[in-house]
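Colleague: Hi, I've just opened this one and could use a quick tour. Can you walk me through it?

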Amino acid sequence: MMDGEGCEGEYQAMEVEEDRKGMAARQQRRGAAHGMRMLDVLKEAETGMSRRAGIRPGSPRPTAKVSEYLEDGTVVCGAFHERACDLPPDVRCTIAVAASSDGTMFATSHGDHHIRIVSLVTHRVVAVLEGHPRTPWTLSFHSKFPHLLVSGCLNGELRVWDVRRKQCVGHTRLGTDRVTSVCFHPERTEVAAACGKDLFLWDALSDKPPEKALETCIGFLCVTYHPNALWLLTCEVRSLGTAGARQPGARHSPHFCIRLRDLSDGLKPLASPTGEQGEEDFLPMVLGYSESGMYVSPCGRYLAVCLPPPPPPPVVVATPGGSVFSVVGPGGPVGGW
């Protein structure tokens with residue numbers, strides 16, 4: 001048996017040890033919070049972005065390594081914030097949206113045939129661009145010259161805008177079909193544009209007419225340059241029907257694929273990294289509804305695209321006899337033993 005003094009001394013020692021552990025934990029939390037605050041300060045200093053104030057006017061563009069770090073954080077951790085930007089009350093529908101590479105503004109197109117430029121500093125409309133004969137269907141900013149914007153409308157017209165001067169600096173006609181997708185070259189003022197079944201390349205600030213570079217059997221959904229300026233990604237229609245379309249009342253659903261094309265080799269498709277199905281298909285089956293269905297990150301390491309869900313796994317079902325099994329898939333029995 002331990003006497004009263006021994007017990008009291010042991011309890012005091014335990015209390016001291018608990019206080020020491022508690023103090024160490026509080027210091028660790030305090031240090032972690034200080035580290036996070038320092039990280040926010042450094043991030044703000046490098047990028048010009050503040051969690052409270054947003055983007056500071058006149059801030060320098062972030063370095064490549066900082067941009068890559070922020071991009072990884074967004075992709076992996078979903079680190080983003082939302083804030084509404086109100087459009088005028090007479091705007092009833094928004095067709096396309098594009099953000100500038102310096103993060104200071106974005107453009108929207110609408111059914112009234114106009115393009116509106118919204119400042120991410122003031123969250124207000126700062127310019128209205130007019131000139132398209134029909135609704136602009138696609139928009140894209142230049143990655144190197146953030147004041148340049150290209151747009152394509154339902155009437156086959158391309159326009160290049162200088163947002164700083166709020167005026168059109170170049171325009172051309174590709175045909176009568178709608179322009180489904182446009183994209184600036186990462187380093188030059190060349191524009192890749194899809195119009196119906198054709199892909200065009202056009203030097204937007206020269207007097208040369210657009211050059212027809214490629215033609216498909218059905219059509220293009222989206223085109224975009226890879227940031228390395230060596231490849232062009234195209235989202236193309238592979239077929240208009242499905243296996244289920246042979247059944248009465250079944251709807252036809254287009255099939256899309258993504259192809260990675262070599263700009264130095266006549267836009268020849270590069271082989272798929274998996275080596276599966278068509279050699280020309282970088283991704284043999286994707287889901288698409290507009291050019292918004294495919295996006296390449298500025299660092300060129302990520303491709304955001306909608307993929308169809310995998311088929312449900314086969315279910316093993318025992319027959320009443322208990323000695324024979326059938327493998328049942330989505331379309332019914334596919335085998336047995």
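Colleague: Let's begin with cysteines: how many disulfides does the structure hold?
Modeller: The structure holds 0 disulfides, where a disulfide is a pair of cysteine sulfur atoms within 2.5 Å. Before we go on: this is a predicted model, where local features need pLDDT of at least 70 and side-chain atom pairs count only at pLDDT 80 or more, while totals for chains, interfaces and linings use all residues. Residues are numbered from 1 along each chain as its sequence is written, and side-chain values use heavy atoms, with hydrogens and water left out.

Colleague: Switching to sheets: what order do the strands E11 to E14 take?
Modeller: These 4 strands form an open sheet in the order E11-E12-E13-E14, with antiparallel pairing. Strands are DSSP runs of E with at least two residues, numbered from the N terminus, and two of them pair if DSSP finds at least two bridges between them.

Colleague: Which strands stand at the edges?
Modeller: E11 (179-184) and E14 (211-215); each has a single partner strand, so one side of each is left without a neighbour in the sheet. On average, neighbouring strands of this sheet are turned by 20 degrees against each other, direction ignored, using axes that are lines fitted to C-alpha atoms.

Colleague: How many bridges link E13 and E14?
Modeller: Strand E13 (residues 198-203) pairs with E14 over 4 bridges, in the antiparallel sense. Leu201, for instance, has Glu211 in E14 as its bridge partner.

Colleague: What about E7, how many of its residues are buried?
Modeller: 5 of its 6 residues, so to speak mostly covered, across residues 136-141. E7 pairs with strand E8 (residues 148-153) over 5 antiparallel bridges, and a hairpin of 6 residues joins E7 to E8. Ser140 has Val150 in E8 as its bridge partner.

Colleague: Last one: where is His114?
Modeller: In the loop between strand E4 (105-110) and strand E5 (115-119). Leaving out residues up to four places away in sequence, His114 touches Thr108, Ser109, Val128, Leu129, Glu130 and Pro136, contact meaning heavy atoms within 4.5 Å.

Definitions and conventions:
Axes fitted to C-alpha atoms, helices over the stretch in contact; angles between N-to-C directions. Buried < 20%, exposed > 50% of the residue type's maximum accessible area, 1.4 Å probe, protein only.
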